[in-house]
Structure formats: structure tokens, C-alpha cells
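User: Please take me through this structure as a tutorial. I will ask how to read each feature.

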Amino acid sequence: MGSQVASYAYLNTRVSLMAEQLLHRKQRKALLQLPLSEINPLLIQAGVGALARQLPKDPAQLEQFLATILVNESIKLMRCLNSNERNFIRHWMRRLELVNLKLLLRTRFSGSQPIDPSHQLLDLAGLGSLDLQALINTDSVEELLRQLQNSSYSSMARPARKAFEEHRSLFDVEAAMDTNYYSQLVHLASALKGNHKQQTQQLLHTWLDQVNLISLLRFRFVYKLSAPHAYFLLAPGGRQLSLKTLQQLAQLTSVKEVVEHLPGPLQQQLANTDDIEDIEYHMLQLVRTRANKILRKQRFNMAIAYAYLYLREQQMQLIHAVLKGHLLGLSNELIQFCGDPLAYPALSRREQP
Amino acid sequence: MFTPTPMHHVGISLLSEELTQAGLLLARYGYFAPDPLQEEMEHLPETPQQRYTSCFASARSHLQKILDFLEYRPETGQTIPEQAPTLQQLLELEAWLGSIWQQCSSRAEAARRHEEKLKDIHRLEELLRCYRNLDLDLGMLRREYRFLNILTGTIPQENSTRLREAIAMIGYTLTQVSRYEGLLHIVIAGLKEKEHNLKTVLKAADFHLFVLPEELSGHPGKVARQLQEQEQKILHEQRHLQLDIQASVKEYGQRLDQATQVLLAASGFPQFGQSLRSRGGLAYISGWVPVQKTNALEAMLKHGLQGPVIMERRQPDAREQHRVPSYIHHANWLRPFTALVRNFGIPRYQEIDPTWFFTISFIIMFGMMFGDLGHGAIIFLAPWLWPGKLGKLRSALMTAGLSSMLFGALYGSVFGYEHLFPALWMPPLSDPVLMLKVAFFWGVGFIFLASLLSIRNDLVENRFARAFFDSRGIAGLLLYLSILFGGWQWFEHGSVDVWSRFLLFASLATVLGYKWQQQQSAAGERLLVVAIEGFETFMNYISNTLSFLRVAAFGLNHVALSVAVFALADMLGSTGYWITIVLGNLFILILEGAIVTIQVLRLEYYEGFSRFFRGDGHEFRPMRLSANDLLNTKT
């Protein structure tokens, strides 16, 4: 324990200081409801004071600003971690790079206009590993995947190319990339040690439950994929939704039926819900609750860095939604509608303030 | 020579239709650095010729990829066209390069597929090697039978006997096929009805089921032949592809050379970036040009463009000083020293360029710390002895070698021998205290000069309060002098006179007062910060000066190391003596030479540059026509 305290004291302090920037439920609600002129104190508390002073004119700049904060914070936290832990957090943060990669992939599929990296792609500074210019310069999907093969995403390039050669569809290529990403994440979490592993896996698997359930419902009932195909595209494992459970759920024929057959605790929480969006918000709330719990209860554990980054990212998304709404001149009601996935009283009371 | 070249801000007004030609002319001229427009944006709302820029970027990217794929280096010695290509010409070139890249890309894809197939075949061959001893159709091992259960897989070698015995109890047999790195490839066969008893024992024996791939169907010999045939076929296709690529190089080589030249002629315009804006048919470009080049630039533009051109020039004003690029030009022999200065930073526009200060002090300190006629001669000759890698450092090695030789003559030292010729001054070990005194005064001079340069920089940049009252300003310098003078009085007379004490306290009070004024925090925190910074200022002057004692210490160390080498050599016979002397001198030359270089750099950077050199300027990067830039190749 002594060495644990010594090794993670800095991380603990860092996360404690950073966690001060996380807005609690009432503040998040206020952020959504208040007019732009009155949200400055909340932005300052959320550590984005520069936005309170001057809001970027371009939504892309706003997105970049928020992403830069998130990336910088993750880099600061990674400095306090050992190599396995760092690898996990880095891979977690790579979802931002996947956003870039998918955008490039989509433009190659659609053969649309050239990309302006400064406006359309996120600059991930020290966290980025892709040579974006080389990918932008590609002319076709095959060429893009060939370039990807020579990058740190080579393990992702192979299944993606297989999917492209077999199906020639963007959906399948993206799904192959996602599956590979989740597998890597699970693999990296399993390389952690002791309580770090246990707590990290708890949050990761809760998140994977959300990802898997929502993906399953969309694949089956929106994209009308066959049960085996939908199951094949899911992430490996979860907390309450094991692969076996997912296999059974995939064979059901309606959203309602799936909800009814969910394992006990999940079934209770999602009872009377048969809308995929609603289910997603509920699941999101569950992950938030788990992350909050880890952040408040755990000490000297790398999982608090992971939980913080998860919650911080959620908060950044909320700030982004609110400010972008104001930038675009949307009404307050519409901003609340777009940016409030958490306004469900039935579940919000479970969350830590 | 001691500051960056004076610059003029230049604004060029011209017709929009002549922008591409202006880009070519300015890039060819090589003294125009674009400056992003800061004002007048509302009057110049347009960014002209975006299609030209995007077309150029696309053509350039295609050209780079084609050249990379074909492994072809274009002939760049040809003359760049006098006229920049029009948009239409650029579009045609882009379309041609795009079509060529499509051909290349499909070949690259084919090459990748060949590579993957070859890898697959090698993997199968590797696997087949494990089963080559079996005299049966390998497909039989994969097939499902009604009564028979056949399993293939691996187990750890040590489990084979026990597993064979165990499964024999239920009528199963185990056949060893091959052995690889402690693992046995085995085939297990028996009646299907006993299968349920098999599962647990296989798990206990760490059996890993391995289903043979479908490609391995048939007799091992036949499969091996088939794989070999497939491999030959792919190798043949690869060779064919390679010939295709070579033919393409022959077919397109000349056209690619021309394309490179055309793109070079077009490469000026995209370099304008944000410095170019327009309104209707009129365009405006802003940038920086060395003062002595502005007249020639104006004449060149008026001569090279057909339409009217107006060029305005002015001195940079106070607000834009931080934007003015620093154009520093030194003689070629100073290049290695310039590189070391740039390693720290680029001087601001009005800041002192420390290259000369650095070069002279580096050479002197290196000689003082590594004074030896013989070692110096080897360092001097090193660029000729090892011309490859050391060629670029020729001037630095020669000057450092000369300095080492000069101090070697002063110390009377050659390859560590101190009795071969009389010292022009004195051998270091004969009076170490004098050596330390010289180093001390050298350090005082060094810090004094660095402080003067710092004051000069502040005065030029109109930071008068800082120049007068800061710890690195005049007040700080007076504090330093009072410490030195007071210290000298204390050692000489055992007391410090009133004037020295007054100077000490007055200068310290000034520095502290300035620091107090600079702090914006609450009174308590302010007091703490000022007290700590004041103490740090005081201690820094003392410790920084003492830091220069290492100049003498390394001079003494050089002699001491030589003495050690001679002591070791004396213990051996005549052959051993000379071997030890040679190896010992090599050791001194390489190890001590490297350490001395690092120590000198440390003194330069830490005690010198950190006092007066901010190094946060930016380099003058003029537009240029460069094939290396165009093709993204390293020079």
C-alpha cells in the first residue's frame, strides 16, 4: 500500500484538482437553461475561461479548443502512469483520432471535395499518431487503407481492408475498425494489475454494455442486419451483457423484447423503455454513475484518471453542444433538447452530486 | 553582423490575374518572406485563385506519390519556365498526374496483394512442414465422420506420454506428427461415442485444438508442390509487375521531369498563404524584405509583370516588432557555431545575435580547458583524417584545434608531455591557484559582458524600467560589482567600506523594489516571492561566477589525466608503454574532449545565453523555388 500511495500520490492530486472542473448536475442543468450572457461563471468553473472571454466565431474552432483541453489533460495524467496504464489511456483517447480517420474514410468513399485539415480534422497534438497529410493525399479507400497499414493503426487496417474487399461498404469498414478498437481496449485493460485492473474494467465493461446494447439495437432494428451479422460486429464482452447474453438478445425480434430479456438489474432500470434513444440516455447515465463512483470512492488508483477523462469528455460534449447552439443562434429550448441527454429524473437521482 | 539584417515591410499592389507570375518572380528572387495580413481585411475580402492553390496541392501530392512509387528522382537541373503555368495548364497537368497515379495505385494494390499471398503461402508451408511425415490425405484430418473422432492440435512435450496412456483407456490413440519449440503436433483418433470422456483430459493436458486450413487438402507432398507452384506464379507476377514499373519509368520519366519543372514554376503562388488578399481584379501581398534588397525587388517586379505594380515600403513599427523575421547571414565557416546558437533559439529582430560572442568565447574556453599542442593538432586535422561525418564541422574543429594548440604552447604540453619544450606561459599544475584566478576573472568578464548585452537588448526594445532596475539590468549589474568589490575588500582588509556597503544595499533595494512592483499577487505572497527572488539573484551572481572555475579545473584535469596515463605506462615494458600512451591519449582525446565540449556549451547556454538571449524570434524564410520543398525530400 505504501508504494501504491507513493506511486499514485501525484496522480491523485492531479485528478483531485482537475475534478474541481467537473460541473455537478444542477450546474449542468443551469448551463443548458441560462442564456449565453449568464453562463460565464460556469464556463470558468469548467476550466474553459477563455471561452467566457471570447467565443470562437467558427464552430470548428470551438470543437478544436475543447478537444485540445481534453488532449492536454489526458497527456498530463498519462505522465503520472506506468507504461501499461499509459497505453490504455492513450488508446482510450484514440477515439478522437478515430473521428478523424472515419471522416477521411467517408470522404474517400463518397469521393467528395478535398479536406481542409485545419477546419475539418481535430489537431490532437502530442496524442495524434497518424500522418494526416499522407491520408488526406490519398485518392481512394484502398490507398487510404494501404497508408493506414504503415501507421500505428496497422492492426486495424487489416480487418478494415478485409471488410472493404468483401462488402465494399462504409458501414462494414467502420464496424470492423470499431470492433478492432474495442478488442484492443479490452486487451489493454486486461494487462493492468490488481485493483487498477478491477476498477478500470468495471468502468470499461459498463461502457461496453452501453456500446453493445445500443449497437445491437441499431444493427438489428434500424439497419435490419441478420442476428449473426449484428452479433459479429459487437465489442468483446461487457459487465452485465456477456457475449452469450448478447447472442441470445440478437435473436429477438423487437426492441421491447430485447429490453424484457435483459439481465435483472438492467431490465429493471430500462423497464417501460422501448425507444433506442431513451435506452441510450439511460445507459449513458449508468456509465456516468459508475465513473462518478470510481472518481469519488477510489484513491491511488489509475481508474480515477480514466473515470475523470470519461466524465470530462461528457462535459466537453455538453459545453460544445450548448455553445455551438448559441453560435448557430438556436433557441434555448432547442439547445436544451440537443444537449440534455441527462435530464431523466428517474436516473439522475442516483448520480453523485 | 551583430544584429539581424534591417527589414522593410513591403506591400505590393498588382492585378489579380498576374498573381501566379508574381509568385514565380518573388520565389525566384528569394528575398521576400510573406507576412500574414493583419489589417485592411474588410477592404480586401477575397482570397483569390483558391482553385489554383488546391489544384497545385493535388498535382504536387500526385507527383510525390508517383515518384515515390516508381522510385524515380526527377532531373531538377533543368531550367524552370519563365512563365508560371495558367490554371488551365495546371488542371491539365493535374489530370495527367491523377491518371498516372491511378495506374501506379492499382499496381501498388497488386503488389500488396502479392505480398499478402506470399505471406499466406509461407505460413501454410511452415504449417505443412509439421505434417509432412504423414502419409495420408490431410483433408481426412479435418473431415467429420459418423463414428470416428479425429482431432489435430498441440500439447506440451512433457504431457505426451501421460496423455497417450490416459486416452488409451477409452480406446483413443495419439500419433505424434512433429515437434516444434517444446510443443508437439499430434493427431488423436478414436470412437465418437467416447468423445464425452475426452474433453476434460485434453484440457488437463493443455491440448490446443488446431483445425487444419482448407488449403492443406491432399497428400503433404502434393500440397507442398501446389504451394510451390502458387509461390512461383506469384513471384512471376511480381517480376512482371516490376518490369511494368521499370517500363513506366522509361515511358513517363521525361514527362515527369517536365511536370516537376512546371510545378516548381507554379509553387510560388501557394507560398503567399495568408499574406495575399484581393478585391475584384486588384490584389495585395504583404511581406518582409531586407532593406538593401527592396529597390532590386521593385525593379524586378516592374520588369517581370506586364500590368501596373505599386510597391510600398516602410520600417516595421513598434507593435509589429515581434512579427519581423530575423535574417541572419554569416560566413560559411561560422555555420557549425550558428547551428549551436540556433539550437538555443533564433534572435528577435532587434536582439543581439550572439553568434560571434558564442564563437569567440567557445573557442577560447575550449582551448583553456583542453590545452595540448598534440591533441589540438589532431582535432585540427580531424576533418581531413575523417572527411565524411566530420566534414560539416570542419571550421569548428579547426578553430577549436587551433585554440587547443595555442593554449598547449602556453602550457608547454604536447600529448601530455610537459618537458619536451618550455611553456610560453606556465604548466597548469605549477600554479593551480593562478589558474583558478584567471578562470574566475574570465567568468567575471563573461557575466559582465552578458549583462551589458541584456541591458542593451532591453533598451532597444524600449523596456527601460527593466533595463535600469531588474536583476539583469543596470541595478543588477551594480549589485554584482558591489558583491565583487565588497568580497575583494573583505579578503584583502577583513572589512567592507561604507561606499561598497551603500552600493550593495542600494542596488539590492532597487532590484527588490522592481520585483515588488512587478508582482500582482496579495501582499504576503508578494513579500515571499520578492524575498526568494532577491535571495536567488544574490546567490546566482555568486554561483554563476564560481561556475567558471571549471574552466581552470578542466585545464588541471587534463594534466592530471595525462599524469595518470604516464604512471600506468611506466609500470609496463617498452611495447606496453607505447600502447598505453597511445590508448591513454585516445581516451583523453575522445572522452575528455567530449566532456569539455559539453561543459563549454553548458557555460555558454546557462551562464551566458540565459542572461541576455531570449531566442524567441523567428527565422526569415523567404519564398523560394526548391525542388526539395516541392518533392518533400530532405536535403
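This is a predicted model: local features need pLDDT of at least 70, side-chain atom pairs count only at pLDDT 80 or more; totals for chains, interfaces and linings use all residues.

User: Start with A:D139: how exposed is A:D139?

Analyst: A:D139 is partly exposed, at 37% relative accessible area. Side-chain values use heavy atoms without hydrogens or water, residues count from 1 along each chain as written, and chains are lettered from A and ligands numbered from 1 in written order.

User: Which side chain does A:D139 meet in a salt bridge?

Analyst: Opposite charges can pair when their charged atoms come close. The cut-off is a Lys or Arg side-chain nitrogen within 4 Å of an Asp or Glu carboxyl oxygen. A:D139 meets B:K65, with N to O at 3.3 Å. B:K65 is buried, at 12% relative accessible area.

User: How do I read the interface between chain B and chain A?

Analyst: Interface size is often given as accessible area lost when the parts come together. Here about 870 Å² is buried between chain B and chain A (1.4 Å probe, summed over both parts). Carbon and sulfur atoms give 31% of that area. In residues, 10 of chain B are in contact with 10 of chain A (heavy atoms within 4.5 Å).

User: What about the polar side of that interface?

Analyst: The count between chain B and chain A is 6 salt bridges. There are also 10 residue pairs in polar contact, both residues at pLDDT 80 or more. That means N or O atoms within 3.5 Å, one able to donate a hydrogen and the other to accept it, with sequence neighbours counted only if both atoms are side-chain atoms. On the chain B side, α2 (50–70) and α3 (87–131) each give two or more residues. The largest share, 7 residues, comes from α3(B). By class, the chain B side has 2 nonpolar, 3 polar and 5 charged residues.

User: Which helix holds B:R112, and which residues of chain A is B:R112 in contact with?

Analyst: B:R112 lies in helix α3 of chain B. Setting aside neighbours within four places in sequence, B:R112 is in contact with A:R146, A:R161 and A:E165. B:R112 is buried, at 11% relative accessible area.

User: How should I read a salt bridge within one helix?

Analyst: Residues three or four places apart point the same way, because an α-helix has 3.6 residues a turn. B:R123 pairs with B:D120, their closest N and O atoms 2.3 Å apart. Both sit in helix α3 of chain B, 3 residues apart, so about one helical turn separates them. B:D120 is partly exposed, at 31%.

User: How far does helix α5 of chain A reach?

Analyst: α5(A), residues 59–78, has 20 residues and reaches 28 Å from first C-alpha to last. That is close to the 28 Å expected at 1.5 Å a residue, counting one less than the number of residues. At its start, a side-chain oxygen of A:D58 reaches to within 3.1 Å of the backbone nitrogen of A:A60. Its buried residues include A:A60, A:L66, A:E73 and A:M78.

User: What does α8(B) pack against?

Analyst: Helix α8 of chain B covers residues 335–344, and its buried residues are B:P336, B:F337, B:T338 and B:V341. These pack against α9 (355–369), α12 (394–411) and α19 (574–612) of chain B.

User: Last one: what does B:V444 touch?

Analyst: B:V444 touches B:Y480, B:L484 and B:T545, leaving out residues up to four places away in sequence. B:V444 and B:T545 are 101 residues apart along the chain, yet 6.1 Å separates their C-alpha atoms. B:V444 is in helix α13 (residues 432–460) of chain B and is buried, at 15%.

Conventions: Buried area is the accessible area (1.4 Å probe) that two parts lose on being put together, summed over both. Helices (H or I, at least four residues) and strands (E, at least two) are DSSP runs, numbered from the N terminus. Ala, Val, Leu, Ile, Met, Phe, Trp, Tyr, Cys and Pro count as nonpolar, Asp, Glu, Lys and Arg as charged, and the others, Gly among them, as polar. Buried means under 20% relative accessible area, exposed over 50%, partly exposed in between (1.4 Å probe, protein chains only).
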